2 protein chains.
Amino acid sequence: MKLTILGCHSATPRANAHPTSQVLDINGEFMLIDCGEGTQVRLRKHKVKFSRISHIFISHLHGDHYFGLIGLLSTFSLLSRTTELHIYAPQGLEEIIKLQLKLSHAFTSYPLIFHQLDSSHPELILDNDKLTVETIPLKHRVYTNGFLFKAKPGDRKLLIDKVQNLDIDKVYYKSIVKGKDVTTKSGELIKNEELTEDPKPAPSYAFCSDTIFKPDIVPQIKGVTLLYHESTFLEDQENLCDKTKHSTAKQAGIIAQKAGVQKLILGHFSARYKNLSLFEEEAKIVFDNVENAETGKIFRYE
Amino acid sequence: MKLTILGCHSATPRANAHPTSQVLDINGEFMLIDCGEGTQVRLRKHKVKFSRISHIFISHLHGDHYFGLIGLLSTFSLLSRTTELHIYAPQGLEEIIKLQLKLSHAFTSYPLIFHQLDSSHPELILDNDKLTVETIPLKHRVYTNGFLFKAKPGDRKLLIDKVQNLDIDKVYYKSIVKGKDVTTKSGELIKNEELTEDPKPAPSYAFCSDTIFKPDIVPQIKGVTLLYHESTFLEDQENLCDKTKHSTAKQAGIIAQKAGVQKLILGHFSARYKNLSLFEEEAKIVFDNVENAETGKIFRYE
């Protein structure tokens, strides 16, 4: 699992502070999460192949999370994309995109499939052979979801001494790691659990932006490998959280601590703060393994 | 008059090839012409004060000419703008912008006034004390206008020897340069033309993007100070012009030569060309004073 931060600042784009967007690579499946203005330029800059992106997840319809989408979709057409593209987004995005396409007398060169999100409960929205994706209901000024990505476990681990001792032909190894039992040359049936052990735990990623402090998400994101949680403000501006429906770095730390995640990434920093290391410091008071998002930063998990 | 190029490349944004956008400063009135994705970041980079922009002109509804607009309008609100903003654009843009504002539960902090363009003939769309703006009907795959900006002439030039010889009180100078006649101390009426001469010719700017070769615009743009004309292709790809409704550098040169403009600026270069100096060279065959647009380049005329 590899997470590339394309932008991690709030609202106003500035020369070096790009709005929210990330690419998550799980088992070779590329997913774009949010798509602020300029995302396509950042994708190019960080050498993410456009053609690898198969799914796009939009958390909510504030501009700093989706204004770059129509440009990216148009570029896909200019590049003659033909493979399906799935977009998971709140109600309204499909209408905007289709209106923009209509007014430019354009159509996409590829099937564009919208999946409208409108539930206030967690939903399983994608389940394929590589991963599952669930929504994480958040609370912001407009309808908002986070997303929980769980890689599917890889193949079972072959106990090579065992299979060699039983003189099992190599041709069966492929089916054994998939969990199949096998019959030896002498006709004895050997159960899979004698020949393999569990694969490594598969990594998972919870993306939570934008939201007020919402501890009721903790059970859903329990023990994830990586949690991105917005921290628009520091504690000194906690009074703004209520009005703007955002969180502080400390609140993000509390969520990480309660959920027992492996690592917390902070982002969506308000433009009012110049020294971003204060965010890490504040969250560290409650949760140790924390790191700020930065444009271009990559987080890898095997 | 000062023209700043914010982007001058066609369609696909790349790391260093930004889509169409320009800022024209005429007598302190700032006008934004087209607004491709990322324009607001380029405005900041080139230190154009957001608050000075009072009018935005959108030539047509292809994304590389307007996908940056909603982001800029949203940022104006974040910056608590209160002054009126006028947008001149083809039918449909108002619907897109209002839908996007509605879905983010947002409104602008300032009066946003749309002027819908739908005529196939030149129209006077702005006339204030500093300048006039007319549409230039172009021909592209969708309804498209260029824009002709004409600065108003400055004050008449005072013939200082004449007014001193006639012993005219200095208090009248201000009205004389505005074109008023004056009565001398001895009661004699002196006509303005005896006291002043014409001001310097006021500069003008014709923006023509995107369009097929369209010589019928020549009478309208006759003798302009500065002509920006798209040149998406070189002559070697002229066959693509018909299909895509674009022009070659040579065709832009022919328009400049026929209209007897002072200077021609080329832009909207297709991504297929790496050596952009070929555009200047090709246009020079028919018109000598030609220069390529470049991101960040500034053209000044007194």
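Trainee: What joins the side chains of A:His60 and A:Ser59, and why is it called a polar contact?

Mentor: In this predicted model, the side chains of A:His60 and A:Ser59 are joined at 2.8 Å. The cut-off for a pair of N or O atoms is 3.5 Å, and neighbours in sequence count if both atoms are side-chain atoms, so the pair is a polar contact.

Trainee: What makes A:His60 buried or exposed?

Mentor: Buried means under 20% relative accessible area. The value for A:His60 is 0%, so A:His60 is buried. A:His60 lies in the loop between strand 4 (53-57) and helix 2 of chain A, and the residues it touches include A:His140 and A:Asp210.

Trainee: How is A:His62 classed, buried or exposed, and why?

Mentor: A:His62 has a relative accessible area of 9%; this is under 20%, so A:His62 is buried. The loop between strand 4 and helix 2 of chain A holds A:His62 as well. Among the residues that A:His62 touches are A:His140 and, from the other chain, B:Ser104.

Trainee: Where does UniProt place the feature "binding site"?

Mentor: The unreviewed UniProt entry places it at A:His60, A:His62, A:His140 and A:Asp210.

Trainee: How do you know that they gather at one spot?

Mentor: Although they span 151 residues in sequence, no two of their C-alpha atoms are more than 10.2 Å apart, so they gather at one spot.

Trainee: How many salt bridges does the rule find across the interface of chain A and chain B?

Mentor: The rule finds zero salt bridges there, but four residue pairs are in polar contact.

Note on methods: Residues are numbered from 1 along each chain as its sequence is written. Chains are lettered from A and ligands numbered from 1 in the order in which they are written. This is a predicted model: local features need pLDDT of at least 70, side-chain atom pairs count only at pLDDT 80 or more; totals for chains, interfaces and linings use all residues. Side-chain values use heavy atoms; hydrogens and water are left out. A salt bridge is a side-chain nitrogen of Lys or Arg within 4 Å of a carboxyl oxygen of Asp or Glu. A polar contact is a pair of N or O atoms within 3.5 Å; within protein, one must be able to donate a hydrogen and the other to accept it, and residues adjacent in sequence count only if both atoms are side-chain atoms. UniProt positions are given in the numbering used here, feature names are shortened, and annotations may be inferred rather than shown by experiment. Helices (H or I, at least four residues) and strands (E, at least two) are DSSP runs, numbered from the N terminus. Buried means under 20% relative accessible area, exposed over 50%, partly exposed in between (1.4 Å probe, protein chains only). Contact means heavy atoms within 4.5 Å. Lists of a residue's contacts leave out its neighbours within four places in sequence.
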